[in-house]
Amino acid sequence: MNADQLAVSVPATSPKPDAAPTLRIRAVMLGDRINPSGLELGAPVSSTPAAFRVHAGLVVIFRYGVVVLIGQLPSEEKVLLDSLKSRVTGELSPFEEEIAQAQLCKDENAEAIQPGGPINLSKFSDERLLLIADALAKSTSLARDERRVAAVFDVIEPFARELAEKGRTSRRRKGILQLIGNALLVQQRVAGRVAVAEKPDALWEKPQLDRLYARLEDEYELKERLDTLERKLTVVAETADALTDIIDTQRSLRLEIAVVVLIVIEVVIGCVQIWSGTH
């Protein structure tokens, strides 16, 4: 089945006889990573990302844990997602997901994205659908990372307030180390895993679709969200450094106290010996 046949085979979502054919597109983040090596779901469409023609639609798999299901029935989606679970590392519960609609329009010049509405396409070609899959997958992954960073901020905020108000913290070394671990974990998961700023490979083969992808980037605010996330990660990194300094200071203070105690003990012993010698 080719891309043109795909457009015809998908039923319209509106009961009107002249309604434009529409595709349901669902992006699901299953975990931290998905291994698509050797996977055979159907006729291959793309290798990077791994994409297959399944039933009347496409399935696109991104290594950073997101699967995009295009034109699949809900029952088909469940079977496909279940078949991929064994390839998922760091499975999420519940899944992060986003849904979009792609709708046929009259010509290429009419391709646009309605605010909160469908994505208008001149045809349901593989290249166009891969671009939508790429943008939606990045948006889904960003949503998950934004949630993780927000969770770390929720933990860091009371700690920072305590330092600001009291000049010290009641947390013990273990609690501080846990905060540092959470901060570093978010950094590791977010930084460099999803190349949000990079354009998909489909654009290298079809540069005329660059305008469509630019509209997708604007619709999902990919660059703006990435910039905001990077600024928050910078704060997380600085907080981790500050917490490390606090641990080092506390350790140095304990060592100094231990040295002073040993000196006092030695002086006391010396005094006792001198006192014993004079009697």
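**Salt bridges, strand pairing and helix faces**

Arg26 counts as buried, at 14% relative accessibility. Buried here means under 20% relative accessible area; exposed means over 50%, and partly exposed lies in between (1.4 Å probe, protein chains only). The model is predicted: local features need pLDDT of at least 70, side-chain atom pairs count only at pLDDT 80 or more, and totals for chains, interfaces and linings use all residues. Residues are numbered from 1 along each chain as its sequence is written, and side-chain values use heavy atoms, with hydrogens and water left out. Helices (H or I, at least four residues) and strands (E, at least two) are DSSP runs, numbered from the N terminus.

Salt bridges come next. One is counted where a side-chain nitrogen of Lys or Arg lies within 4 Å of a carboxyl oxygen of Asp or Glu. By this rule the count comes to 13. Among them is the pair of Glu97 and Arg26, at 2.9 Å from N to O. Glu97 belongs to strand S6 and Arg26 to strand S1, so the bridge ties together parts 71 residues apart in sequence. Glu97 is partly exposed, with a relative accessibility of 35%.

Arg24 and Glu77 form another salt bridge, at 2.5 Å from N to O. This pair also links distant parts of the chain: Arg24 is in strand S1, Glu77 is in helix H2, and 53 residues separate them. Arg24 is partly exposed at 29% relative accessibility. Glu77 is buried at 2%.

Asp32 bridges to Arg148, with the closest N and O atoms 2.9 Å apart. Asp32 lies in strand S1 and Arg148 in helix H3 (residues 126-166), so this pair ties together parts 116 residues apart in sequence. Both Asp32 and Arg148 are buried. Shared partners join Arg24, Arg26, Glu77 and Glu97 into one network of salt bridges.

Strand S1 itself is largely enclosed by the rest of the structure, because eleven of its 13 residues are buried. Two strands pair if DSSP finds at least two bridges between them. S1 and S6 meet this rule with eleven bridges, in the antiparallel sense. In this pairing, Leu23 stands opposite Ala102 of S6. S1 and S5 also run antiparallel, joined by five bridges. Here Ile25 has Ile70 of S5 as its bridge partner.

Gln103 is also found in S6. Its relative accessibility is 25%, so Gln103 counts as partly exposed. The C-alpha atoms of Gln103 and Leu23 are 6.4 Å apart, although the two residues lie 80 residues apart along the chain. Contact means heavy atoms within 4.5 Å. Leaving out residues up to four places away in sequence, Gln103 touches Ala20, Pro21, Thr22, Pro118, Ile119, Asn120, Leu121 and Phe124.

In H2 (residues 74-84), the buried residues include Glu76, Glu77, Leu80, Leu81 and Leu84. These residues lie on the same side of H2 because they cover an arc of only 130 degrees around the axis. The arc is that of the directions from the helix axis to the C-beta atoms. An α-helix has 3.6 residues a turn, so residues three or four places apart point the same way. Ser75, Lys78 and Val79 are exposed on the face of H2 turned away from its buried side. The cover over the buried residues of H2 includes strands S1 (22-34), S3 (50-54), S4 (57-62), S5 (66-70) and S6 (88-104).

Helix H6 (residues 210-220) has Leu212, Tyr213, Leu216, Glu217 and Tyr220 as its buried residues. Their arc around the axis is only 140 degrees, which puts them on the same side of H6. Glu221 follows H6, and its phi is positive, near 50 degrees.

A nonpolar surface patch of about 540 Å² is made by Leu253, Ile257, Val261, Leu262, Ile265 and Ile269. Patches are made of residues with over 30% relative accessible area and no salt bridge; like charges are joined within 9 Å, and nonpolar side chains (Val, Leu, Ile, Met, Phe, Trp, Tyr) within 5 Å. Accessible areas come from the Shrake-Rupley method with a 1.4 Å probe; for residues, only the protein chains shown count as cover. Leu262 lies in helix H7 (residues 222-277). Leu262 is exposed, with a relative accessible area of 55%.
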